[in-house]
Amino acid sequence: MSHFPYLTVLTAAPLVGAAGIAFLPKGKPELAKRAALAWSVVVLALTVGLWTQFDAGGERFQLKDSWTWIPQWGAKFTFAIDGIALVMIALIALLVPVVILASWHDADNSKRSVPAYFALLLALECTMIGVFAAQDVFLFYVFFEVMLVPMYFLIGSYGGHQKQYAAVKFFLYSLLGGLFMLASVVGLWVLGGHTFDWQQLVSADFSVNTERWLFLGFFVAFAIKAPFFPFHTWLPDAGGAAPAGAAALLVGVLDKVGTFGILRYCLPLFPNASKDFAWLGLTLALIGIVYGALVAIGQNDLKRLVSYTSIAHFGFIGIGIFAFTTQAGTGAVLYMVNHGLATGLLFLVVGMLVSRRGSALVTDFGGAGKLMPVLAGVFFIAGLASLALPGTSPFISEFLVLLGTFTVNKTVAIIATAGIVLAAGYVLWMIQRTTQGTPNPKLLEIKAMGRDLSLREAVVVTPLIALILLLGFYPKPVIDVINPAVKATMQDVGKTDPKPIAGTVEAGK
């Protein structure tokens, strides 16, 4: 295996690019855009190299880099990835160049610096990669908190209506969750042998009450980040105000830090508390599925509507995690990837529609498909992927979650299935009201509404659509990477999959 420090270089590279682009002259926006796109493609190429070096059948954590940081605390720059982290880093590396290309003109009409906008996107990429690659708990916490800064400025400086309010709310909610986590991180260090090393802390022995309190500190932070009900209220505001590209990263990647954190930290570090509070995770997830879907149906703002659908989708990820079966857990991680692809695509297409109409309100559209049929077709595909239609990648992950949950908790699986019906309602309603029917007369007066999908926009959506369809029919390469890491996590919790029922195909093998 290669000794090249992939994870260190991969984490640092976007930050180096961001620093260079930030100091480019404001009068040369095109240079900043091209430089940001080229740098993000370099990161994508490095990620392809990272994927080729990862052995799905090898050790749990691979490609480890470790550098001394704060010796008095035992804190280190330690990076290592398992299959779960690998697929999330690959998602980041794919989405960022797509988002940069989709955001080509987003900052042009703002009073802010165009180079700064693209530098913030690359800085955000650095923190996102770092938070998934970190194996030192304190290093994870630092990336978890610093990640707020570039997104805060992307929303607050380059966003739309009520951008300052949304940015502050996003920052305060996440910061509050981070304070709960900080208390638990300090507790881990004090009671876990004065170390932040994840592998050492997994074997630490805590009392029952101590483990529960430490679990809750992490869980609250991750539930806010995810977001689970009732910690979700920041997401519709942030998603609605953020530029479309930033919103795609917010909902497609940043939110996954919450569910990833539960899998990486809550379950392995606090296995007994995880089982004790599984009922809480399942309850919040189920409420989120139904609540998110019902509220989405009543939204008139497209970006807020998509944000609420994500609350429902995260409910499925939550029940997949707390079902404690390999099948459901693998489905949950696969859902994290597929949701990033599908909702990222949906947010970007919504951004294209809003930029043409000058409004995000559903009632300001109507019959737009007759004016731009190709873009409407892409919007339709994104919507079908969001409702997990068979043949699209979210269907595979949703099916695995429900199947794995049904084997241990039929009630939870049945209630969650109701969310699928509701999803069909809000997605089809959204598509019907915006692109179908008789064109709104006001649309005919807007010259931009006659502009269909451009070449640049086609390059943006094509890889996402291709992956959604490819993984919808052949998810095996990704599942093979995810499954060993999920199995190891279930072993950390002390959970084994239920035995097959006598008479089934599995039982007869």
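Which helix does Leu172 lie in? I looked it up in the model, which is a predicted one. Leu172 belongs to helix α7, residues 163-191.

**Entry: surface patch.** I then checked the surface around Leu172. Leu172 is part of a nonpolar patch with Val168, Leu175, Leu176, Leu179 and Phe180. Together these residues have about 510 Å² of accessible area.

Entry: I went on to the loop between α7 and α8 (198-202), where His194 sits. His194 is not a glycine, yet I found a positive phi of about 55 degrees for it.

**Entry: α9 against α12.** I looked at how helix α9 (residues 208-225) packs with helix α12 (residues 256-269). Their axes are 7 Å apart, and the angle is about 160 degrees. Angles over 145 degrees count as roughly antiparallel, and α9 and α12 are therefore roughly antiparallel to each other. I listed the residues that meet. From α9 they are Phe215, Phe218, Phe219, Phe222 and Lys225. From α12 they are Val257, Gly258, Gly261, Ile262, Tyr265 and Cys266. I sorted the residues of this contact into 8 nonpolar, 2 polar and 1 charged.

Entry: I asked which residue forms a salt bridge with Arg264. The partner is Asp82, with the closest N and O atoms 2.7 Å apart. Arg264 is in helix α12, while Asp82 is in the loop between β2 (75-81) and α3 (83-102). The two residues are 182 residues apart, and the pair links distant parts of the chain. For the structure I noted a count of 8 salt bridges.

**Entry: cis peptide bonds.** I followed the chain into the loop between α9 and α10 (234-241), which holds Pro227. The peptide bond joining Ala226 and Pro227 is cis, with omega about -5 degrees. Pro230 is also placed in the loop between α9 and α10. The bond from Phe229 to Pro230 is cis, and its omega is near 5 degrees.

**Entry: α18 against α20.** Last, I looked up helix α18 (residues 393-406) and helix α20 (residues 455-473). Their axes come within 6 Å and cross at roughly 40 degrees. That angle makes α18 oblique to α20. On the α18 side I noted Ser393, Pro394 and Ile396, which meet Ile468, Leu471 and Gly472 in α20. The residues of this contact divide into 4 nonpolar and 2 polar, with no charged ones.

Note on methods
Residues are numbered from 1 along each chain as its sequence is written. This is a predicted model: local features need pLDDT of at least 70, side-chain atom pairs count only at pLDDT 80 or more; totals for chains, interfaces and linings use all residues. Side-chain values use heavy atoms; hydrogens and water are left out. Patches are made of residues with over 30% relative accessible area and no salt bridge: like charges are joined within 9 Å, nonpolar side chains (Val, Leu, Ile, Met, Phe, Trp, Tyr) within 5 Å. Accessible areas come from the Shrake-Rupley method with a 1.4 Å probe; for residues, only the protein chains shown count as cover. A salt bridge is a side-chain nitrogen of Lys or Arg within 4 Å of a carboxyl oxygen of Asp or Glu. Helices (H or I, at least four residues) and strands (E, at least two) are DSSP runs, numbered from the N terminus. Axes are lines fitted to C-alpha atoms, for helices over the stretch in contact, and angles run from 0 to 180 degrees between N-to-C directions. Angles under 35 degrees count as roughly parallel, over 145 as roughly antiparallel, 65 to 115 as roughly perpendicular and the rest as oblique. Contact means heavy atoms within 4.5 Å. Ala, Val, Leu, Ile, Met, Phe, Trp, Tyr, Cys and Pro count as nonpolar, Asp, Glu, Lys and Arg as charged, and the others, Gly among them, as polar.
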